[in-house]
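Let's take a walk through this fold, one side chain at a time. Have the viewer open as you read.

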Amino acid sequence: MAKKKDTPVRLDQLTEEEKMKYEIADELGLLDRIMKDGWKSLSSKETGRIGGILARKRKNRSKK
């Protein structure tokens, strides 16, 4: 199986939702690990937490 290329994240080319994911990860103190080892380094509990917060923010944004 071929390994994914390690390309640095270009924050200026991310969608709004992707930016929000990184912001949430930073708030939870997980951004350093994500930048170093990628999203695969997180546990299912950690990714679920990010997903839950992202869904809540998306829902609140649509109510405005």
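W39 is partly exposed in this predicted model, because its relative accessible area of 28% falls between the 20% and 50% cut-offs. Look over the face of its ring and you'll find K21, sitting 4.8 Å from the ring centre.

Now for the aromatic side of things. A pair of rings is described by the distance of the centres and the angle of the planes. Here the count comes to 1 aromatic pair. The partners are Y22 and W39, arranged edge-to-face, with 5.3 Å from centre to centre and 65 degrees between the planes. That angle counts as edge-to-face because it is over 60 degrees. The pair ties together distant parts of the chain: Y22 belongs to helix 1, while W39 lies in the loop between helix 2 (31–37) and helix 3, 17 residues apart.

In soluble globular proteins, nonpolar side chains tend to be buried together.

One more stop: I34. Setting aside neighbours within four places in sequence, I34 is in contact with Y22, A25, W39 and L42. Both rings of the edge-to-face pair belong to residues on that list.

Definitions and conventions. Residues numbered from 1 in each chain as written. Predicted model: local features only at pLDDT ≥ 70, side-chain atom pairs only at ≥ 80, totals over all residues. Heavy atoms only, no water. Contact = heavy atoms within 4.5 Å. Phe/Tyr/Trp six-rings, centres within 6.5 Å; stacked < 30°, edge-to-face > 60°. Helix = DSSP H or I, 4+ residues; strand = E, 2+ residues; numbered from the N terminus. Buried < 20%, exposed > 50% of the residue type's maximum accessible area, 1.4 Å probe, protein only. Lys NZ or Arg CZ within 6 Å of the ring centre and 35° of its normal.
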